[in-house]
Amino acid sequence: MTPQDRDLLYGVLKEQSGLVLTGDKDYLLESRLMPIARRHGLASVGELVAKMRLPGSTGVKSEVVEAMTTNESFFFRDKLPFLNFTETMMPEILKTRAATKRLRIWCSAASTGQEPYSLAICLKEMSERLAGWKIEILGTDISPEVLEKAKTGLYSQFEVQRGLPINMLVDYFTQVGDMWQIDSAIRAMVNYREFNLLDGFSALGKFDIVFCRNVLIYFDQPTKSQVLDRIAAQMDPQSYLVLGAAETIIGLSDKYKSVSGKRGLYEIASAGPAVGASNIDRPVFAARPAMSGAA
Ligand SMILES: C[S@@+](CC[C@H](N)C(=O)[O-])C[C@H]1O[C@@H](n2cnc3c(N)ncnc32)[C@H](O)[C@@H]1O
């Protein structure tokens with residue numbers, strides 16, 4: 001791989017997904033991209049990059065972006081966000097949305113579905129208090145491949161052993177061969193949609209709770225700020241943002257304030273209706289080809 005090849009790969013990744021690679025990541029590029037090169041009958045990552053330079057290479061670029069994203073997820077990851085969900089956010093939401101009985105939750109980097117399904121299980125466990133409520137969980141991700149897996153709700157023994165309490169495995173999963181499938185009632189609580197966080201959010205509508213966990217870490221500072229501000233524009237007052245354990249709003253967005261004593265939990269800073277409104281539909285990022293376009 002030449003320095004020019006590396007520059008092209010870094011540029012495509014940044015432009016199409018926000019992923020910023022720095023320093024010498026050749027080992028990572030080689031290990032993740034060689035399988036794609038082989039699939040296309042090419043002998044090296046250099047040849048793959050040459051193909052990416054050709055007109056009509058949208059599909060192969062999408063494959064490259066998909067291969068370079070980190071999709072790791074597990075049920076009830078870090079525990080605290082889900083404790084905060086049931087013990088802090090939901091009691092408040094039950095009060096503040098009592099008149100409309102509507103709740104919209106967005107898992108904005110849903111990966112293979114463990115995060116939205118963990119929330120769906122939490123909601124199922126409190127279903128007595130949610131009678132008459134209309135609740136939507138939207139799980140989005142840039143990668144169509146992970147969303148396909150999320151939709152099937154099929155997980156290996158290893159995946160269900162990571163974070164999922166045994167009683168929940170018994171209550172909400174069925175063994176299918178050597179895999180475990182989450183019950184259709186839980187699957188039906190989540191809608192999945194391919195969506196890039198660099199794209200405009202306004203068509204998604206407003207949300208009461210946004211989980212944006214373990215994705216901002218891959219972006220540079222300006223991209224983190226823009227994504228955070230644009231998420232705020234999709235939230236009404238008394239709505240919550242949940243970030244990953246290694247992520248923060250500090251120094252990135254003034255649209256939120258920390259919820260006292262609740263690490264990684266934020267709410268919209270101003271009670272005014274115009275929070276982030278000026279950002280709605282702001283064309284922050286240049287138009288890019290759709291991720292799933294064919295080559
Ligand atoms: C490490 S996983 C996080 C999954 C889950 N939120 C969690 O914390 O367990 C990061 C996910 O972000 C997705 N992703 C990366 N860049 C993205 C972008 N620009 N738009 C939407 N999703 C993106 C990846 O495809 C991947 O599934």
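Between the two domains, 9 residues of domain 1 are in contact with 11 residues of domain 2, contact meaning heavy atoms within 4.5 Å. The domain assignment, which is automatic or taken from a database, places domain 1 at 3-68 and domain 2 at 80-279 of the protein chain. This is a predicted model, in which local features need pLDDT of at least 70 and side-chain atom pairs count only at pLDDT 80 or more, while totals for chains, interfaces and linings use all residues. Residues are numbered from 1 along each chain as its sequence is written, and side-chain values use heavy atoms, with hydrogens and water left out.

**Domain interface**

- The C-alpha centres of domain 1 and domain 2 are 30 Å apart.
- About 680 Å² is buried between domain 1 and domain 2, with 53% of it on carbon and sulfur atoms; buried area is the accessible area (1.4 Å probe) that two parts lose on being put together, summed over both.
- On the domain 1 side, the residues that lose the most area to domain 2 are Ser-17, Gly-18 and Glu-66, which together make up 53% of what that side buries.
- There are 5 residue pairs in polar contact between the domains, both residues at pLDDT 80 or more. A polar contact is a pair of N or O atoms within 3.5 Å; within protein, one must be able to donate a hydrogen and the other to accept it, and residues adjacent in sequence count only if both atoms are side-chain atoms.
- Helix H1 (3-17) and helix H4 (58-68) each supply at least two residues of the domain 1 side that touches domain 2; helices are DSSP runs (H or I, at least four residues), numbered from the N terminus.
- H1 gives the most to that side, with 4 residues.

**Salt bridges**

- The structure holds 13 salt bridges, each a side-chain nitrogen of Lys or Arg within 4 Å of a carboxyl oxygen of Asp or Glu.
- The count between domain 1 and domain 2 is 1 salt bridge.
- Lys-14 and Asp-220 pair through their side chains in a salt bridge (3.3 Å, N to O).
- Another salt bridge joins the side chains of Lys-95 and Glu-92 (3.1 Å, N to O); both residues lie in helix H5 (residues 80-96), 3 residues apart, about one turn of the helix.

**Ligand surroundings**

- The ligand is surrounded by 20 residues, the closest being Ser-17, Ser-73, Ala-109, Asp-141 and Asn-214; a residue counts if one of its heavy atoms lies within 4 Å.
- An N or O atom in the side chain of Arg-77 is 2.8 Å from an oxygen atom of the ligand.
- A polar backbone atom of Ala-109 is 2.8 Å from a nitrogen atom of the ligand.
- A backbone N or O atom of Leu-197 also lies 2.8 Å from a ligand nitrogen atom.
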